[in-house]
Amino acid sequence: MMTTDTVKNPRFVAESQTDGEQVDTGLGLSPAKAALKRARGHTGLKIGFGIILLMVFLALFAPWLAPHDPYVQNLPMRLLPPAWVDGGEWRYLLGTDHLGRDYLSRIIYGARISLAIGIGAATVGAIIGVTLGLLAGYFGGWLDQAVNFLVTCQLAIPSLLLIMALVFVIGQSITVVIFVIGATHWVFYLVVTRSATLRLREMDFVAAARSMGCSRFQVAVREVLPNLSNQIMVIFTLEVAIAILSEATLSFLGLGIPSPMPSWGLMIAEGKTSMFFQPWLVVLPGLALFMLVIAVNLLGDGVRDVTVTDRRS
Amino acid sequence: MASYILRRGLLALLVALVVSFGTFALFYFATDPAQTIAGEDAPPEMVEEIRQEYGFDRPVSVQYVAWLGGVFQGDFGESYFWKQPVGELIREHAGVTIILALSSLMVTILIALPLGIGAALKPNSWVDRFALSTAVSAQAIPNFWLGLMVIILLAVMFPIFPVSGDATWRHYVLPALVLGASSVPAVMRLTRTGLLEVLGADYIRTARAKGFMGYQLIFRQALRNALLPVVSVLAVQLGHKLGGSVVTESVFSMNGLGRLAVESIFNSDIPTVQSLILIFVLTFVLLTLAADLINAWLDPRIRMG
């Protein structure tokens with residue numbers, strides 16, 4: 001059987017030669033090395049990757065980095081402004097919330113929630129979408145039609161309302177939010193997996209594997225799937241961004257992460273009541289969200305530019 | 001053409017029915033409507049009595065068909081929470097949502113089309129970079145947060161527009177901006193790629209060779225073809241806005257359908273949630289159907305294929 005590397009990307013390398021602008025086509029290098037070489041020259045990808053590294057670092061080492069316990073209330077110290085504003089204290093760098101909890105610590109711990117939800121929900125969505133896409137694309141026929149119908153239904157539902165209804169019915173927790181967001185965000189994976197599988201199915205190496213006696217299942221998982229990894233990775237990053245925003249929106253509306261957890265969306269909801277007097281309570285978690293999501297999107301766009309060189313959109 | 005419309009129409013109806021039955025079943029199995037109506041701490045006998053009276057002890061399919069039969073006669077049932085006919089509730093709230101959806105669609109078109117066209121005409125120019133970075137940022141801003149920021153800036157620091165409510169046209173300016181901004185990245189990117197693709201096509205080169213120049217070429221020939229996919233995506237976006245302005249309506253305290261839906265979810269008001277989802281799905285399906293028909297009418301390749 002052929003290894004994935006030799007099969008993987010003759011197509012991508014060939015096309016990247018015609019792509020032209022600012023790209024080192026990396027002729028003579030393996031596809032992975034060529035992509036890595038292109039990645040080094042891609043500003044957006046580097047910025048995105050840098051911010052994400054920082055966020056992951058904050059999330060992993062939150063207990064050592066956060067100056068205070070994010071759950072401990074200190075009512076005499078409530079609603080302190082950030083340290084550089086009049087009335088702020090350097091002990092509470094970004095001020096305190098309505099219960100006197102240190103805002104910086106809550107924002108640092110909040111990175112954990114956003115990252116967990118983003119990665120978790122995008123993984124759940126990937127499992128559902130890729131499985132359905134492989135099935136529909138590889139086997140076709142009535143299975144394909146059934147999956148298409150499912151997609152049409154999924155697209156027609158107002159997804160935020162569906163998510164809210166599900167969370168309300170099942171109960172509020174991180175796990176529920178991850179699974180519910182994942183279960184409603186798989187259409188992109190499916191569409192891409194299905195069309196790529198349809199194309200790959202006709203290629204010689206699939207026929208070769210079949211003739212060597214591989215079962216259909218083995219062919220789908222061992223021959224077709226590895227060839228989709230680039231595209232799936234690009235969608236994965238975009239879905240991480242969407243899931244992070246969905247969680248924030250859900251928590252903001254009161255049907256996501258339960259209080260007193262430091263979800264950024266929930267913090268914005270709690271700060272909203274006093275936002276005319278303490279605007280930082282709303283501004284800061286929003287900025288954190290914006291930074292994380294834009295970083296994930298930059299990373300996704302960058303990975304697409306350096307691996308899938310079909311066409312920029 | 002007639003069979004195409006019929007086929008698509010039937011599919012649309014089927015989708016609406018399946019989705020609406022799904023919602024119905026979800027709430028049927030997960031909540032106890034009799035308890036909802038009776039109240040949290042009602043005695044069990046009373047709950048049981050209500051269950052019998054409303055027919056909640058019948059199988060889910062029977063209840064669904066009964067409800068659907070009512071819907072076909074224009075009766076959406078009675079709200080458990082607001083204790084008034086759901087049809088009435090929806091009529092009261094629909095106006096706000098429709099005005100908001102249409103005005104925010106205008107905002108999207110007015111921002112996204114010029115940006116997308118400008119970016120496609122001069123790829124890699126500053127217009128293109130500006131358009132792309134606008135798209136990247138707009139995609140990353142949480143919409144509810146953008147709403148709050150706009151309120152702080154344009155309603156509090158510079159009190160030009162009212163903070164919340166839906167009484168006058170001035171109340172709709174900020175929500176329409178915020179909701180409209182959420183669709184800008186998708187529409188802008190599609191306009192840009194669509195136009196770029198068309199401008200590289202053979203027939204445009206032929207037209208250029210024949211002496212057609214500049215704006216005449218772009219607006220008469222290229223844009224017409226480039227906008228085909230944009231029509232579809234605008235229909236999808238309008239569908240989302242008619243059914244999903246949940247966030248914007250909450251942030252700006254507007255009494256539209258989205259907010260009604262959220263409050264009915266919070267209060268387990270099944271008839272209202274159920275009717276709203278059916279209406280949202282039908283609206284969405286009909287809009288995308290309309291977009292497909294417009295596309296088929298504009299582009300014979302779709303109609304024949």
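Biologist: Which pattern does chain B follow along the sequence?
Modeller: In this predicted model, chain B reads α-α-α-α-α-α-α-α-α-α-α-α-α-α along its sequence. Its secondary structure amounts to 14 helices and zero strands.

Biologist: What does the C-alpha trace of chain B span along its principal axes?
Modeller: The span is about 85 × 60 × 30 Å.

Biologist: And how is chain B divided into domains?
Modeller: Domain 1 of chain B covers 31-75, and domain 2 covers 92-303. Their C-alpha centres are 39 Å apart.

Biologist: What percentage of chain B counts as buried?
Modeller: Of its 305 residues, 41% are buried. As for contacts in chain B with a separation of 6 or more, 71% are between residues 24 or more positions apart.

Biologist: How many buried residues does helix α9 of chain B have?
Modeller: The count is zero among the eight residues of that helix, 202-209, which is hardly covered. Just after α9(B) comes B:Gly211, with a positive phi of about 105 degrees.

Biologist: Let us turn to the interface. How many residues of chain A are in contact with chain B?
Modeller: On chain A, 29 residues take part, and they are in contact with 33 residues of chain B.

Biologist: Which elements of chain A give two or more residues to that side?
Modeller: They are α7 (141-156), α8 (159-170), α13 (229-253), α14 (264-272) and α15 (280-307) of chain A. The most comes from α15(A), which gives seven residues.

Biologist: What is the make-up of that side by class?
Modeller: The side of chain A that touches chain B has 23 nonpolar residues, five polar and one charged.

Biologist: Why are α4(A) and α6(A) described as roughly perpendicular?
Modeller: Angles of 65 to 115 degrees count as roughly perpendicular. The angle between these helices is about 110 degrees, and α4(A) and α6(A) are therefore roughly perpendicular to each other.

Biologist: Which residues make the contact?
Modeller: From α4(A), the contact is made by A:Met55, A:Val56, A:Leu58 and A:Ala59. From α6(A), A:Ile108, A:Ala111, A:Arg112 and A:Leu115 take part.

Biologist: How do the residues of that contact divide by class?
Modeller: In the contact of α4(A) with α6(A), seven residues are nonpolar, none is polar and one is charged.

Methods: Residues are numbered from 1 along each chain as its sequence is written. Chains are lettered from A and ligands numbered from 1 in the order in which they are written. This is a predicted model: local features need pLDDT of at least 70, side-chain atom pairs count only at pLDDT 80 or more; totals for chains, interfaces and linings use all residues. Two residues are in contact if their C-beta atoms, placed from the backbone, lie within 7 Å. Helices (H or I, at least four residues) and strands (E, at least two) are DSSP runs, numbered from the N terminus. Ala, Val, Leu, Ile, Met, Phe, Trp, Tyr, Cys and Pro count as nonpolar, Asp, Glu, Lys and Arg as charged, and the others, Gly among them, as polar. Domain bounds come from an automatic or database domain assignment. A residue is buried if 20 or more other C-beta atoms lie within 10 Å of its own, exposed if 12 or fewer, and partly exposed in between; C-beta atoms are placed from the backbone. Axes are lines fitted to C-alpha atoms, for helices over the stretch in contact, and angles run from 0 to 180 degrees between N-to-C directions. Angles under 35 degrees count as roughly parallel, over 145 as roughly antiparallel, 65 to 115 as roughly perpendicular and the rest as oblique.
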